[in-house]
Amino acid sequence: MELRVQSGSYLSTGWFTLILAMDACYRIHVYGMINDTYCKSEGFRKVPYHYYEPGRDECDEYYLHENTPYGGHRFITEKKVFAKWAKKHEIIFTHPNWTLS
């Protein structure tokens, strides 16, 4: 059985894009990606998950996918990994800015 099927999740296009960018670029600027704690932060803005689907909130979609048993992305977990990568590679997240600890 395929590992992706066993895990119940699959990697996002953002994951593959960042992998490609790290292989091809010395410095990466990521614009508009929220971090793993944004949806729990005070005063976060509700925005549509897709610009063409009004009503589907980004944070609600992230929580849905993070906790679905099958067929979801692990967006929040991926963002934790991206933050770790940013400490070792020249990756800068803006709008919102990420604080890497």
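How many salt bridges does the count come to? The count comes to 2 salt bridges, a salt bridge being a side-chain nitrogen of Lys or Arg within 4 Å of a carboxyl oxygen of Asp or Glu.

## Basis

This is a predicted model, in which local features need pLDDT of at least 70 and side-chain atom pairs count only at pLDDT 80 or more, while totals for chains, interfaces and linings use all residues. Residues are numbered from 1 along each chain as its sequence is written, and side-chain values use heavy atoms, with hydrogens and water left out.

## Salt bridges

Glu-90 belongs to strand S2 (residues 90–94) and Arg-27 to strand S1 (residues 27–31), so the pair ties together parts that are 63 residues apart in sequence. Helices (H or I, at least four residues) and strands (E, at least two) are DSSP runs, numbered from the N terminus. Glu-90 is partly exposed, at 40% relative accessibility; buried means under 20% relative accessible area, exposed over 50%, and partly exposed in between (1.4 Å probe, protein chains only).

The side chains of Arg-56 and Glu-61 also meet in a salt bridge, at 2.8 Å from N to O. Arg-56 is partly exposed, with a relative accessible area of 32%, whereas Glu-61 is buried, at 7%.

## Nonpolar cores

A nonpolar core is a set of buried Ala, Val, Leu, Ile, Met, Phe, Trp, Tyr and Cys residues joined through side-chain atoms within 4.5 Å. The largest has 14 residues, of which Leu-18, Ile-28, Val-30, Phe-82, Trp-85, Ile-91 and Phe-93 touch the most other members. H2, S1, H4 and S2 each supply at least two residues of this core. Apart from it lies another core of 7 residues, including Cys-59, Tyr-62, Phe-75 and Ile-76.

## Trp-15

Trp-15 lies in helix H2 (residues 13–24) and is buried, at 17% relative accessibility. Leaving out residues up to four places away in sequence, Trp-15 touches Glu-78, Val-81, Phe-82 and Trp-85, where contact means heavy atoms within 4.5 Å.

## Packing of H3 and H4

Helix H3 (residues 58–67) packs against helix H4 (residues 75–88) at an angle of about 95°, with the axes 7 Å apart. Axes are lines fitted to C-alpha atoms, for helices over the stretch in contact, and angles run from 0 to 180 degrees between N-to-C directions. H3 is therefore roughly perpendicular to H4 (65 to 115 degrees). Tyr-62, Tyr-63, His-65 and Glu-66 of H3 meet Phe-75, Ile-76, Thr-77 and Lys-79 of H4.

Terms used. Angles under 35 degrees count as roughly parallel, over 145 as roughly antiparallel, 65 to 115 as roughly perpendicular and the rest as oblique.
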